[in-house]
Amino acid sequence: MQSTACAVTMVRDDEFFLRIWLDYYGGHLGLENCYVINHGRGDAVAKLAKGANVIGLPGDPHKNFDAKRWRLLNGIVTGLRGYFGHVIVGDVDELVVVDPASGKTLLEFLERRRTNRVFTPLGLEVVQRLDIEDQPITDKVLGPRAHVRLAPHYSKPCVISTATKIARGGHYTQYDQLNAPENLYLFHLKFCDFAAYQQAMDRRNAVTAAVGVDSVAEASIGRHWFAEARGDDRAEFEGFAALPLAEGFEMKPFRDAMARSFRPRGDTGFYEFDRPELAVQFRLPDRFFGLF
């Protein structure tokens, strides 16, 4: 008999986000159902993830890092599906969350979902409003951080229970239906804390510098890892205050827009939907506070 769900991620030195990831998924699914690929076999990652399933890998810089990473993750997801009904896969700064208004935990939500499909949570990016949220993250993120911006780029098909291929970056699969349930979200935490953001970007810039390529075009690594694409950190965060603040927290129109534009991604075998840049932010309802 299959267990309900597991979560898998790959991480290199991102202790700030790994602690949050482990606390969240370990609490919902059990640490024994969490799989952490320790890229570079870092001692700090291994120590932090004690009790979870840690897979150590060499950490030598490689210009095709992202392609190699998702080839590995595809294989691991395929294998884990033989033992779990649902496999949640994504970056260490991403969390699949069920709206508390549903009355269900993440595990209860997945227990009630049919398998042999792919689920795509709606992407929300947690941002630190430097003008009104000046406390560092020391425990839970939501509460000290109460604002999100819509992030269609992070509406990822990341809850897998069928045979499918996931594209590099995790943004597309070859599953030909869109299942975007009400109350299911993917929270992206990259911008949840200014100091943590700077530290993470410094590490990523160092990794791409070590690869030794002259431009983003020469490597299979996310553009945002390169120093040339970084921009001014403080200006990036200060820009969040300028986003129009929407009233309420109604997300159905955005899920409907995903469904209307769902289509094949050219002749790649993958499927996509429109991912417009939406200049709007929301204040999270208090019911979300303390979830992670």
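These legends go with a set of close-up views of one predicted model. Residues are numbered from 1 along each chain as its sequence is written, and side-chain values use heavy atoms, with hydrogens and water left out. Because the model is predicted, local features need pLDDT of at least 70 and side-chain atom pairs count only at pLDDT 80 or more, while totals for chains, interfaces and linings use all residues.

**View 1**
A cavity here is a set of points on a 1 Å grid over the protein atoms alone where a 1.4 Å probe fits but cannot get out, and lining residues have an atom within 4 Å of a point. Grid points are joined across faces, edges and corners, and a volume is the space filled by probe spheres set on the points. Searching the whole structure turns up seven cavities of 30 Å³ or more. The largest cavity holds about 90 Å³. Its lining includes Val118, Pro157, His171, Thr173, Phe262 and Glu272. Sorted by class, that lining has seven nonpolar, four polar and one charged residues. For this sorting, Ala, Val, Leu, Ile, Met, Phe, Trp, Tyr, Cys and Pro count as nonpolar, Asp, Glu, Lys and Arg as charged, and the others, Gly among them, as polar.

**View 1. Thr173, one of the residues lining the largest cavity.**
Look for Thr173 in the loop between strand E9 (159-160) and strand E10 (184-188). Helices (H or I, at least four residues) and strands (E, at least two) are DSSP runs, numbered from the N terminus. Is Thr173 buried or exposed? Thr173 is buried, since its relative accessible area is 3%; buried means under 20%, exposed over 50%, and partly exposed in between, using a 1.4 Å probe and protein chains only. The Thr173 side chain also reaches the backbone nitrogen of Tyr175, at 3.2 Å.

**View 2. The second largest cavity.**
This one has about 50 Å³ of space. Among the residues lining the second largest cavity are Ala7, Trp21, Tyr25, Ile88, Asp91 and Leu186. Strand E1 (3-11), helix H1 (15-29), strand E4 (84-89) and strand E5 (94-98) are the elements that give two or more residues to this lining. Its classes come out as nine nonpolar, one polar and two charged residues.

**View 3. Helix H1 from end to end.**
Which residues of H1 are buried? They are Phe17, Leu18, Ile20, Trp21, Leu22, Tyr24, Tyr25, Gly26 and Leu29. An α-helix has 3.6 residues a turn, so residues three or four places apart point the same way. Zoom in on Leu18 in H1: its relative accessibility is 0%, so Leu18 counts as buried. Leu18 and Val45 are 27 residues apart in sequence, yet their C-alpha atoms are 7.8 Å apart in space. Just after H1 comes Gly30, with a positive phi of about 95°.

**View 4. Two loop residues with positive phi.**
Most residues other than glycine have a negative phi. Arg41 has a positive phi, near 50°, and lies in the loop between strand E2 (34-39) and helix H2 (43-48). Its relative accessible area is 51%, so Arg41 is exposed. Asn116 is not a glycine either, and its phi is positive at about 65°. You'll find Asn116 in the loop between helix H4 (106-111) and strand E6 (118-119), where its 54% relative accessibility makes it exposed.

**View 5. Cysteines without a partner.**
A disulfide is a covalent bond between the sulfur atoms of two cysteines. How many disulfides does the model have? With the rule that a pair of cysteine sulfur atoms must be within 2.5 Å, the count is zero. For Cys34, the closest cysteine sulfur is in Cys6, 8.4 Å away, so it is too far for a bond. For Cys192, the closest is in Cys158, and 18 Å is too far as well. Cys34 counts as buried at 0% relative accessibility, and Cys192 counts as buried at 0% too.

**View 6. His188 and Glu125 in contact.**
His188 lies in strand E10 and counts as buried, because its relative accessibility is 2%. Its side chain makes a polar contact with the side chain of Glu125, at 2.6 Å. A polar contact is a pair of N or O atoms within 3.5 Å; within protein, one must be able to donate a hydrogen and the other to accept it, and residues adjacent in sequence count only if both atoms are side-chain atoms.

Key: On a 1 Å grid over the protein atoms alone, a cavity is a set of points where a 1.4 Å probe fits but cannot get out, and a pocket is an open set with protein on both sides within 12 Å along at least five of seven lines; lining residues have an atom within 4 Å of a point.
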